Amino acid sequence: MISRLGTIRNRAPDGTAVHVWGAEFEECAMANELAGAPVVRLESGGFFAEWNDITQAIVLSGKHRVAHEVLSWKIIELRELGRSLFKAVVVDQEEDEASRDPGWGTEDFEAGYEQETDRVVAECAQRMRIAMLDSVLAMAAWRVFDRQRGILTARYGLGDSEGIAEINKVLDRMGVEGDEREQLRQVWIASQAWW
């Protein structure tokens with residue numbers, strides 16, 4: 001999978017990008033393109049672009065119902081890396097497995113679910129302490145974690161397979177704060193491959 005950064009990458013070393021989404025993101029994207037500011041549309045809906053004078057004026061004009069987040073190019077590169085590594089293999093395995101076992105989704109044992117979730121969180125925190133020095137390994141560790149909690153969600157019919165609450169529990173258990181915590185959170189976002 002080819003990176004899409006080449007079409008819009010800011011040449012300034014201190015430049016930033018913007019992630020735009022919302023009800024009228026397509027109209028906003030077209031306005032940017034017509035004004036000469038190229039964008040990259042995302043499979044998840046929305047787009048990213050260079051955060052330059054043109055893009056700022058259009059996004060902040062209030063003419064389009066959109067939300068935005070200004071990001072460093074490092075984060076954009078990380079999300080593109082996650083997309084290239086995992087997009088082709090991220091499938092709804094949870095639903096596939098649940099459909100094979102009629103008992104899944106009916107085990108209403110909330111205490112058991114919480115206990116199992118705590119175990120999965122502890123295992124992920126342990127793996128992440130080893131993997132966190134390398135973004136690719138950390139993304140792989142997050143994929144394993146999401147797979148494990150997806151199985152729990154299917155088995156018990158509880159939880160949210162893409163929720164941030166368990167991610168925060170892993171980060172809390174690791175004891176990471178500040179920039180280190182934000183970096184690992186961004187790596188998790190990149191590992192989702194919906195970018």
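I began with Val20, and I found its bridge partner in strand 3 to be Phe47. A reminder to myself: this is a predicted model. That bridge belongs to the pairing of strand 1 with strand 3 (residues 47-50), which is antiparallel and counts four bridges.

Next I checked what else strand 1 pairs with. Strand 1 (residues 16-21) is joined to strand 4 (residues 67-72) by six bridges, and these two run antiparallel. Here I noted Ala17, which sits opposite Leu71 of strand 4.

Then I went back to Phe47 in strand 3, and Arg41 turned out to stand opposite it. Strand 2 and strand 3 are linked by three bridges, again in the antiparallel sense.

What order do the strands take in the sheet? I wrote down 2-3-1-4, for an open sheet of four strands with antiparallel pairing. The edges are strand 2 (39-41) and strand 4, since I see each pairing on one side only. From one strand to the next, the twist averages 25°.

Helix 3 lies across strand 1, strand 3 and strand 4, at about 100° to strand 4.

I stayed with helix 3 and looked for a helix packed against it. Helix 3 (residues 73-86) packs with helix 8 (residues 178-191) at an angle of about 40°, and their axes are 7 Å apart. I put the crossing of helix 3 and helix 8 down as right-handed. On the helix 3 side, the residues in contact include Lys74, Ile75, Leu78 and Phe86, and on the helix 8 side Gln183, Val187, Ile189 and Ala190 are among them. By class, I have six nonpolar, four polar and three charged residues in this contact.

Last, I looked for aromatic pairs, and the structure holds one. Why is the pair called edge-to-face? The ring planes of Trp142 and Phe145 stand at 65°, so the pair gets that label, and the ring centres are 6.0 Å apart; the cut-off for edge-to-face is over 60 degrees. Both residues belong to helix 6 (residues 135-156), three residues apart, about one turn of the helix. Buried or exposed, I asked of Trp142 and Phe145? I noted both as buried.

Methods
Residues are numbered from 1 along each chain as its sequence is written. This is a predicted model: local features need pLDDT of at least 70, side-chain atom pairs count only at pLDDT 80 or more; totals for chains, interfaces and linings use all residues. Side-chain values use heavy atoms; hydrogens and water are left out. Rings of Phe, Tyr and Trp (its six-membered ring) pair if their centres lie within 6.5 Å; planes under 30 degrees apart count as stacked, over 60 as edge-to-face and the rest as tilted. Buried means under 20% relative accessible area, exposed over 50%, partly exposed in between (1.4 Å probe, protein chains only). Two strands pair if DSSP finds at least two bridges between them. Axes are lines fitted to C-alpha atoms, for helices over the stretch in contact, and angles run from 0 to 180 degrees between N-to-C directions. A crossing is left-handed if the near helix is turned anticlockwise from the far one by less than a right angle, and right-handed if clockwise. Contact means heavy atoms within 4.5 Å. Ala, Val, Leu, Ile, Met, Phe, Trp, Tyr, Cys and Pro count as nonpolar, Asp, Glu, Lys and Arg as charged, and the others, Gly among them, as polar.
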